[in-house]
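Hi there,

Here is the structure I promised to pass on to you. Have a look at it first, and then read on for what turned up in it.

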Amino acid sequence: SDDTGNRLRFQLELEFVQCLANPNYLNFLAQRGYFKDKAFVNYLKYLLYWKEPEYAKYLKYPQCLHMLELLQYEHFRKELVNAQCAKFIDEQQILHWQHYSRKRMRLQQALAEQQQQNNTSVK
């Protein structure tokens, strides 16, 4: 039963940490005063263990770690009450993903062309 409890805690904390990647969720928490609660802020500090490689490997949305880091700062937590702040962060994330996707596609195309040239020169 201890293993079951640890597994459940792991799953709940994993899900919560990944929710931190969503700026709209952060805005929701800020507007409801969670970031003013010292116990909640301490919990966010405790969750920094997710930055360790043995835990980070389970994350599907690694940007949540950046948000978790920013949430350690009171100024950032206060700014999240403003919906425009959350919207700006959301837009910046989308722009980053678009840039990353295009860059990754170019790298994959270059690699495929290089492999094709290598295959042609071997024959």
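There are three salt bridges in this structure, which is a predicted model.

Let's begin with helix α1, which covers residues 2–19. Here the side chains of E13 and R9 form a salt bridge, with an N to O distance of 3.3 Å. Both residues belong to this helix and sit four residues apart, or about one turn of the helix. Their surroundings are worth a look. E13 has a relative accessible area of 6%, and because buried means under 20%, E13 counts as buried. R9, on the other hand, is partly exposed, at 44% relative accessibility.

The next salt bridge joins the side chains of E69 and K51, at 2.5 Å from N to O. How accessible is E69, and is it buried, exposed or partly exposed? With a relative accessible area of 27%, E69 is partly exposed. K51 is partly exposed too, at 40% relative accessibility.

For the remaining pair, please turn to helix α6, made up of residues 74–79. The side chains of E74 and K78 meet there in a salt bridge, and the N to O distance is 3.3 Å. About one helical turn separates E74 from K78, because they are four residues apart in that helix. E74 is partly exposed, at 47% relative accessibility. K78 has a relative accessible area of 55%; the cut-off for exposed is over 50%, so K78 counts as exposed.

Finally, the glutamine I mentioned is Q114, and you will find it in helix α7, which runs over residues 83–122. Q114 is partly exposed, with a relative accessibility of 44%.

Do write back with any questions.

Best wishes

Methods:
Residues numbered from 1 in each chain as written. Predicted model: local features only at pLDDT ≥ 70, side-chain atom pairs only at ≥ 80, totals over all residues. Heavy atoms only, no water. Helix = DSSP H or I, 4+ residues; strand = E, 2+ residues; numbered from the N terminus. Buried < 20%, exposed > 50% of the residue type's maximum accessible area, 1.4 Å probe, protein only. Salt bridge = Lys/Arg side-chain N within 4 Å of Asp/Glu carboxyl O.
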